[in-house]
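Colleague: Hi! I'm new to this one, could you walk me through it?
Modeller: Happy to. Let's bring it up and begin with the ligand.

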Amino acid sequence: MITSKETIGYYQSIESFALVDGPGVRSVLFLQGCNMRCLFCHNPDTWFLTKTNPITPDEAFNKLIRYKPYWQNHGGITISGGEPLIQLDFLIEFTALCKKAGIKTAIDTAGQPFTREEPFFSKFNKLLANTDLFLLDIKAINPIVHKKLTGKDNTNIIDLFHYLSDIGFPIWIRQVLVPGINDKEEDLKETGEFISSLTNVKRVEIFPYHTLGVPKYRKLGIPYKLEGILPPTTEEIKKAEDLLRVEKYQEYLKD
Ligand code: SF4
């Protein structure tokens, strides 16, 4: 039973066995709520911080720990969304429980809530102390393209990349490649140079844009704005991977 003194998180779902959400086999806790509106988002059902699925850090831990036998070697728990950083208090407590139990955690984030202002910044540093890895998205390096693609500015997100690099906190960088929007050669080249300037990058991944989320937009009555855009070709993906120097970054976290 949840009491009024406890920290509450709001989650969307739990996936027991995932292979693309961090090192090794992961179980994933998807939290509710996101302030961005990425045109390609395949989880529009996570956008609103609906309070239909409340959970305490203890309850979440007890649900997830059942999947421990899957997490051999580098595996563990990934907290995704939505945007997990908007539920920072819950995240801090949940990851503290995992750390105490020796379980590795990764945060799958687009970084949009990041600020060096208080009280966020001190809380954010507490989260880093409990966590092993960030899976950090670059939606677009070009600020104009970023605004068009997500509805938000990317200045604070770029600042987050710099901060994590300065303190040497490990990250995997991921970019969804959307043909005709964030795949311009000069922008990808700039992204590659930006990544090279960072000290903490363990892996870089390109995710091809896909349309699997479109039925969710229809169901929710939200207009889908990328109608007619096709997934990138194999050649386009390869070119983007070369420009981002993906091959250089293939390191898994060491135990
Ligand atoms: S940041 Fe993630 S959850 Fe939020 S709109 Fe973008 S793709 Fe969707």
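Modeller: Around the ligand you'll find Cys34, Met36, Cys38, Cys41, Trp47, Gly82, Ala110 and Lys139. Keep in mind that this is a predicted model.

Colleague: Thanks! How many of the residues in that shell are nonpolar, polar or charged?
Modeller: By class, 6 are nonpolar, 1 is polar and 1 is charged.

Colleague: And which pocket does the ligand take up?
Modeller: The ligand takes up the space of the largest pocket.

Colleague: Gly82 was on your list. Where is Gly82 found?
Modeller: Gly82 belongs to the loop between strand E4 (76-80) and helix H2 (88-100). The peptide bond that joins Gly81 and Gly82 is cis, with omega about 15 degrees.

Colleague: Which other residues does a cis peptide bond join?
Modeller: Glu118 and Pro119 are joined by a cis peptide bond, and omega there is about 5 degrees. Pro119 lies in the loop between E5 and helix H3 (120-130).

Colleague: New topic: the sheet. What is the order of the strands?
Modeller: It's an open sheet of 8 strands, ordered E3-E1-E2-E4-E5-E6-E7-E8, and the pairing is mixed. At the edges are strand E3 (54-55) and strand E8 (201-208), each of which pairs on one side only.

Colleague: Let's start from the E3 side. Do E1 and E3 run parallel or antiparallel?
Modeller: Antiparallel: 2 bridges join strand E1 (residues 9-18) to E3. Gly9 stands opposite Ile55 in E3.

Colleague: And how many bridges are there between E1 and E2?
Modeller: There are 5 bridges between E1 and strand E2 (residues 26-31), and this pair is antiparallel too. Here Glu15 stands opposite Val28 in E2.

Colleague: Further along the sheet, do E5 and E6 run parallel or antiparallel?
Modeller: Strand E5 (residues 105-109) and strand E6 (residues 133-137) run parallel, joined by 4 bridges. Across that pairing, Ala106 stands opposite Leu133 in E6.

Colleague: Which strands does helix H5 touch?
Modeller: Helix H5 (residues 155-167) packs on the sheet and touches E6 and strand E7 (171-177). The direction of H5 makes about 150 degrees with that of E6.

Colleague: Last one, back to the loops. What is the phi of Asn73?
Modeller: Asn73 has a positive phi of about 45 degrees, although it is not a glycine.

Colleague: Where does Asn73 lie?
Modeller: Asn73 is in the loop between helix H1 (57-64) and E4.

Terms used: Residues are numbered from 1 along each chain as its sequence is written. This is a predicted model: local features need pLDDT of at least 70, side-chain atom pairs count only at pLDDT 80 or more; totals for chains, interfaces and linings use all residues. Side-chain values use heavy atoms; hydrogens and water are left out. A residue is near a molecule or strand if one of its heavy atoms lies within 4 Å of it. On a 1 Å grid over the protein atoms alone, a cavity is a set of points where a 1.4 Å probe fits but cannot get out, and a pocket is an open set with protein on both sides within 12 Å along at least five of seven lines; lining residues have an atom within 4 Å of a point. A molecule sits in a cavity or pocket if more than half of its atoms lie within 2 Å of its grid points. Ala, Val, Leu, Ile, Met, Phe, Trp, Tyr, Cys and Pro count as nonpolar, Asp, Glu, Lys and Arg as charged, and the others, Gly among them, as polar. Two strands pair if DSSP finds at least two bridges between them. Contact means heavy atoms within 4.5 Å. Axes are lines fitted to C-alpha atoms, for helices over the stretch in contact, and angles run from 0 to 180 degrees between N-to-C directions.
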